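Let's take a walk through this structure, one spot at a time. Have the sequence and the 3D view open, and follow along.

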Amino acid sequence: MTATRPRFTPSLCEPDLDAVEPLVFADTHAPWTPIISCPADFPPELFEPAVSQLIHHPEYNSTLILRSEVISDDSDTILDGSSTLPDLVPALRGLQPVRNIHRRLLARRPTRDSDLEQHCTLYAPSPRPDADPAPLQPQPQPHPNTLVLTPIPPADGAPLPYYHPAAAHLAFRYLASGALRIDAVPHPGTPLDPAARLHRTCRALLEALHRYGWGAATQYRKRVAHDVLVPREAYQDLYLVMRERHKHLVASWREATDPLKHVFEDIGIATFLMLLWRDTFGPETAPPAPAPPAEPWRAWPRPPGGFADLGCGNGLLTHILLAEGYAGHGLDLRARTSWAHYPPATRARLAVRALDPTRAEDVGVGASVGGAGCWLVGNHADELTPWLPLLARRTRAAGFLSIPCCAWALDARFERARDAPLVVLDPDALNLGGEGTGSSYAQYRVWLAALSVHCGWAVEVEVLRIPSTRNWAIVGRTRVGDEDEAEHNVEELIEGVRRRGQFKTRRPEGKAGDH
């Protein structure tokens, strides 16, 4: 199998000419319509793992779908005859059902689209009529070669959601000729011309199946893993709630930057932090007051010392967390236009301050940057980014989250030719990116992770679901190794910065800089 994926070369089906290997109902004369086909470019035994991607990850092919949830999965019970298929699932001539997955498609925007339940049925060739009913040797089960998607019509008679094709059945097939083909049973009146939506959707789905099959054949592995620290379902469900609660900030955006990017990015980071804290801290850190049923996060565990958003910029992340009941504050070198337009409770927790991490009053226990039990946040914190693990160690912080952007070492721009990692790490094992040290940004992530380990933190890495290419999050929430050695390493790093004399603390801007 070539390492380069073969080109996707689809062909539109002509009903009169595509009677080859027709799909036929066993109990009705309703016709199937061939829509589009292409060369498979992978062997038939990989059809099932390829369509498994379509079943379990429909969100990869439609931005209107959040995810799918499996309601039931019947395979053994179908094969041994102990369960029967739902009436909606079609019987097909020459094929036997071998697996039925009942799933629910969740809409990404529930206020606009409805959820939809669907049967996903895999079929394999039926035994030949002349086959020996009692062979001397066990015969291998034939590989599935057909997947039929059957939507369950809404009980209220409403039409199918927009994200689903207007069809009663959609079949993905691996033909004996070595081609992939999609056949459909369109709803009456559905346009079937090549420019129609049904054709466009089937083309996109066929291309996805072609890509998944090639990936299975080459044992393709994603370079990074999502949802390592926070489960995908929990994140997506809470994100939808947070988005509805804070999307109004787009209309009232006061900065010159793109509101769609910044608002939804910070909503995503806040969502991640709320769930990470819930799963990190014990129940003794939760507020004593019961939470309203619609706001369960108000009773979730959290950092006992609150949070400190270092280099908070427009202050939006700080504002969202404060608005949802979390104690904390944000620091930056200058006030942004947005600050004056936040509610008084948020404005009181935003401060203009220059932080010098080489000064004892900034890095010692009880420092105003945070203090014992505080969680430090560095979201694109520039020069402060590499200082997060040092500050967290010296202030006895509960942990830190660093989302690096611009590459800075402790007292100068990061240079990969000069700044070698302080300890040896396996980038793949830590989910730091499959490109390893190929790019400067990738090597910077490895360097930051090694620095964190050198400071006595167990490093965890999450690739955040936010609208940014700089979406790697380095998390430290567990101290490891010898405490005295970690403290010595931190002090040695700080002393080295003092000795070189290159670190320059920027003065606060505005009135704060006059003090």
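Start with His119, which is buried, with a relative accessible area of 6%. Here buried means under 20% relative accessible area, exposed means over 50%, and partly exposed is anything in between, with a 1.4 Å probe and protein chains only. Before going on, a word on the ground rules: this is a predicted model, where local features need pLDDT of at least 70, side-chain atom pairs count only at pLDDT 80 or more, and totals for chains, interfaces and linings use all residues. Residues are numbered from 1 along each chain as its sequence is written, and side-chain values use heavy atoms, with hydrogens and water left out.

Back to His119, which sits in strand 5, residues 116-125. Helices (H or I, at least four residues) and strands (E, at least two) are DSSP runs, numbered from the N terminus. The side chain of His119 meets that of Asn100 in a polar contact of 3.5 Å. A polar contact is a pair of N or O atoms within 3.5 Å; within protein, one must be able to donate a hydrogen and the other to accept it, and residues adjacent in sequence count only if both atoms are side-chain atoms. Setting aside neighbours within four places in sequence, His119 is in contact (heavy atoms within 4.5 Å) with several residues, including Pro86, Val89, His102 and Val148.

Now hop to another histidine, His164, found in the loop between strand 6 (146-151) and strand 7 (167-174). Is His164 buried or exposed? His164 is buried, with a relative accessible area of 8%. The side chains of His164 and Gln118 make a polar contact at 2.9 Å. Apart from neighbours within four places in sequence, His164 touches Leu116, Gln118, Pro151 and Arg197.

Next, the backbone. Most residues other than glycine have a negative phi. His380, though not a glycine, has a positive phi of about 55 degrees. You'll find His380 in the loop between strand 12 (375-379) and helix 9 (388-394), and it is partly exposed at 24% relative accessible area. Arg396 is not a glycine either, yet its phi is positive, at about 60 degrees. Arg396 lies in the loop between helix 9 and strand 13 and is partly exposed, with a relative accessible area of 38%.

Grid points are joined across faces, edges and corners, and a volume is the space filled by probe spheres set on the points. By this rule there are 2 cavities of 30 Å³ or more. The largest cavity holds about 70 Å³, and its lining includes Asp227, Tyr235, Phe272 and Arg465.

The second largest cavity has a volume of about 40 Å³. Strand 13 (399-403) and helix 10 (440-454) each give at least two residues to its lining, and the largest share, 3 residues, comes from helix 10.

Last stop: cysteines. The structure holds 0 disulfides, a disulfide being a pair of cysteine sulfur atoms within 2.5 Å. Cys405 is in no disulfide, and the nearest cysteine sulfur, that of Cys406, is 4.3 Å away.

Methods. On a 1 Å grid over the protein atoms alone, a cavity is a set of points where a 1.4 Å probe fits but cannot get out, and a pocket is an open set with protein on both sides within 12 Å along at least five of seven lines; lining residues have an atom within 4 Å of a point.
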